[in-house]
Amino acid sequence: MVTFKLGDQFMLGTATSSAQIEGGDTNNTWYKWCLEGHIKDSSNCINACDHWNRVEQDTELLKNLNVQTHRMSLEWSRIEPFPGEFSEEAMKHYRDEIRLLVKNNIKPLVTLHHFSEPIWFQDMGGWKKPFNCEYFIRYVRYVVENLGDLVSDWVTFNEPNVYTSMGYLIGIFPPGERNIIESLKVMAQIINTHVRVYKLIHEIRREHNFNGKTMVGCAMHLRVFDAITATGKMVAKAVNYYFNELLMVGTTTGRFLFPLSLMGGGDKKGIYVDFLGINYYTRNIVEFVFDPSQYFYLFVNDRSLGKSDLGWDIYPEGIYRVCKKYYDRYRLPIFTTENGISDRKDNKRPDFIADHLYYIAKAITEGIQIERYYYWTLMDNFEWLEGETTSFGLYECNFKTQERTARKSAQLYADICKNKGLTKDMIEKFSKSGHFTW
Ligand code: NOJ
């Protein structure tokens, strides 16, 4: 375990999303998906962390962590429960929530689309119908006009690569389609919509003279794909292209790479993000594995690395590699919009956080402009297909009693946030034999 310093300007925070914590909303696509029986433990996001009714209590948790910033998302289905009918009550709720953050010196970073959508939008054909992006843009206009004075920093889409591959290619997220052509069309729609939303947010904040520098980006899930053999390397390259590149290039520059280019329309050349939003969790090794029953390209684990509860390899150097790669290409500031681990026993999380931040500090000393880090997540929440079975939280959440309990790594993270680094004293305070295992 080694010390590191992130610099006074660096901001640390936590990230959450509405459908995963709020509970109580029957208008969004994930509620329906849960009812249809797709969730591992049969739980339903209607419960989650009941955050909708516990905003003040949960803001106290953020204060205890000494975070300087917090990433949250808005639930479109609450704000616009019926097409064209906006809920002033929902808007007021979010205004109050954000005002409370600001009052406590916690800078909000607000996501407009984090996987869940109104059921009515999906019933109208969702992103498959080109005209439907107008509905999303109308919602964004309403939101930014109502919150733009409090919020200067926005994320348009969360992990559009995960959203399109899980929802339209593999079919395990709503709307459950398995069609590569449709998935590519949806990618193209999302890129075009992102570009329009980017311009719109800037325009509205400028027109109203809202305070603060407008920062708009997209939170991309970036994975490292490595391989051992020559054929494995070729496949890893292809997977990287499909999963990382198409949408990273698309949302950053508006450009459609092949095969999106076949759809036409992605010829705007420019830069349509003010920061690169990077969600980094793990690396995959893409290899040809001999199995008597099947010959298959698979993601294999690196046996030498530790694993999360979900079996994901813990590979901290990956955060450095993805940040370096995209900073070298675009020279734009980076926000690591998510990084975290499911670790119920909390004996891997402390090292996980310290090691990833160590690599961020290393990147910063090399001139890579990483400005923020958001730990995923504040408290255990509804983890999509995994339901209530994972533990990404700095706080444990008992879904029955809604009691929140700080894990020990919450104390470590609070100290890191306060010191903007890891000092020798902190290592002594938290570690046994140089490792944060307790
Ligand atoms: C990224 C997603 O944005 C978030 O919703 C999810 O909970 C985490 N990954 C953990 O899987």
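**View 1. The largest cavity of this predicted model has a volume of about 130 Å³.** In this predicted model, local features need pLDDT of at least 70 and side-chain atom pairs count only at pLDDT 80 or more, whereas totals for chains, interfaces and linings use all residues. Residues are numbered from 1 along each chain as its sequence is written, and side-chain values use heavy atoms, with hydrogens and water left out. A cavity is a set of points, on a 1 Å grid over the protein atoms alone, where a 1.4 Å probe fits but cannot get out, and its lining residues have an atom within 4 Å of a point. Grid points are joined across faces, edges and corners, and a volume is the space filled by probe spheres set on the points. By this rule there are four cavities of 30 Å³ or more.

**View 2. The lining of the largest cavity is made up of 17 residues.** Nearest the centre of this cavity lie Thr-16, Ile-21, His-51, His-70 and Glu-97. At least two lining residues each are supplied by helix 1 (18-21), helix 3 (55-64), strand 3 (69-73) and helix 5 (88-103), and helix 3 gives the largest share, four residues. Helices (H or I, at least four residues) and strands (E, at least two) are DSSP runs, numbered from the N terminus. By class, the lining of the largest cavity has seven nonpolar, seven polar and three charged residues, where Ala, Val, Leu, Ile, Met, Phe, Trp, Tyr, Cys and Pro count as nonpolar, Asp, Glu, Lys and Arg as charged, and the others, Gly among them, as polar.

**View 3. The largest pocket holds about 740 Å³ of space.** Its lining comprises 29 residues, of which Val-162, Met-166, His-221, Arg-223 and Trp-312 are the closest to its centre. Helix 8 (160-169) and helix 10 (230-253) are the elements that give two or more residues to this lining, and the largest share, four residues, comes from helix 8. The lining of the largest pocket divides into 18 nonpolar, six polar and five charged residues. A pocket is an open set of grid points with protein on both sides within 12 Å along at least five of seven lines.

**View 4. The ligand sits in the largest pocket.** A molecule sits in a pocket if more than half of its atoms lie within 2 Å of the grid points of that pocket. Around the ligand are Gln-20, His-114, Asn-158, Glu-159, Asn-279, Tyr-281, Trp-312, Glu-338, Trp-376, Glu-383, Trp-384 and Phe-392, each with a heavy atom within 4 Å of the ligand. This shell has five nonpolar, four polar and three charged residues.

View 5. The ligand taken alone exposes 290 Å², of which the protein buries 95%, with accessible areas from the Shrake-Rupley method and a 1.4 Å probe.

**View 6. A cis peptide bond joins Pro-174 and Pro-175, with omega about 5 degrees.** Pro-175 lies in the loop between helix 8 and helix 9 (180-207).
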